[in-house]
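Here's a quick tour of a protein model, written for anyone just starting out. Have a look at the picture first, then read on.

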Amino acid sequence: ETWWLPEVLQTWVEAQSRANSVPIVLPLANAMLAVATALQGKVEVEVRPGWREPLSVYWIVASPTGTMKSRVLDAAKRPLKAIESAAAEGAALQARLNRSTRYTLEGRCKKLRAMFAAKGGLSTEHRNELTSTEANLDNLPNDKSAVWLFSNINPALIPKMMKHNLDAEGSARISVMADEDTFLSNMMGRHSGH
């Protein structure tokens, strides 16, 4: 049933079900995955005082070939891809700004260090400027872009991507939304025989 969903999700789920002639559970599961991806790392549950856990969602919807899984999944991922793409563009702009700022700050540090070497020391004013300039270098804004939406990923790479996303956005979120069983096969040890 969809009555409990927010109106926009209810409308989307029902429209996807009708348009693709699929059971309501398929677009419902995909909508929940998309929302969970957006909220992952943003919402926690306090199981009991002092014990907090992030919310995570794990869904497997099994359906035979030709049952529109890919079409519904692609529709659910579309807004997530748009958010991720916009964030990547912002991070690329920040990276260009950081390179320019870093070049300027490193040049100033180099000049101050050369003054130190030439004079055997720096005035208090120049020492303070060097300290401040080095701090500004260390505190340049983050220019990493989170990559949290995957169709397939080697399970061994998930910790690396979670660390990357933690550095990029402060949340170790990742979402694997796949319409084939390759990811599940890899997790279950397809290559190791386990």
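Is Met-68 buried, exposed or partly exposed? Met-68 counts as partly exposed, because its relative accessibility is 28% (buried means under 20% relative accessible area, exposed over 50%, and partly exposed in between, using a 1.4 Å probe and protein chains only).

Before we go further, some ground rules. This is a predicted model, where local features need pLDDT of at least 70 and side-chain atom pairs count only at pLDDT 80 or more, while totals for chains, interfaces and linings use all residues. Residues are numbered from 1 along each chain as its sequence is written, and side-chain values use heavy atoms, with hydrogens and water left out.

**The hairpin**

- Strand β1 covers residues 44-48 and strand β2 covers residues 51-54; the two run antiparallel and are joined by 4 bridges. (Helices, H or I with at least four residues, and strands, E with at least two, are DSSP runs numbered from the N terminus; two strands pair if DSSP finds at least two bridges between them.)
- Together β1 and β2 make a hairpin with 2 residues between them, and Gly-50 in the turn has a positive phi of about 90°.

**Salt bridges**

- There are 7 salt bridges in the structure (each is a side-chain nitrogen of Lys or Arg within 4 Å of a carboxyl oxygen of Asp or Glu).
- One of them links the side chains of Arg-52 and Glu-44, at 2.8 Å from N to O.
- Arg-52 also forms a salt bridge with Glu-46, and here the closest N and O atoms are 3.6 Å apart.
- How exposed are these residues? Arg-52 counts as partly exposed because its relative accessibility is 47%; Glu-44 is partly exposed too, at 43%, and so is Glu-46, at 45%.
- Elsewhere, Glu-169 and Arg-173 form a salt bridge with their closest N and O atoms 2.6 Å apart. Glu-169 is partly exposed, with a relative accessible area of 28%, whereas Arg-173 counts as buried, at 6%.

**Helix α3**

- The C-alpha atoms of Ala-86 and Ser-145 are 9.7 Å apart, although 59 residues separate them along the chain.
- Just after α3 comes Gly-120, with a positive phi of about 75°.

**Nonpolar cores**

- The largest nonpolar core has 10 residues, including Leu-33, Leu-73, Trp-148 and Met-177 (a nonpolar core is a set of buried Ala, Val, Leu, Ile, Met, Phe, Trp, Tyr and Cys residues joined through side-chain atoms within 4.5 Å).
- Two or more residues of this core come from each of α2 (25-39) and α3 (69-119), and α3 gives the most, with 3 residues.
- There's a second, separate core of 7 residues, among them Leu-105, Leu-112, Met-115 and Leu-122.
- Ala-168, part of the largest core, touches Asn-142, Lys-144, Ser-145 and Ala-146, leaving aside residues up to four places away in sequence (contact means heavy atoms within 4.5 Å).

**Phi angles to look for**

- Most residues other than glycine have a negative phi.
- Ser-21 isn't a glycine, yet its phi is positive, about 50°. You'll find Ser-21 in the loop between α1 (7-20) and α2, and it counts as exposed, at 68% relative accessibility.
- Met-68 isn't a glycine either, and its phi is positive at about 70°; Met-68 lies in the loop between β2 and α3.
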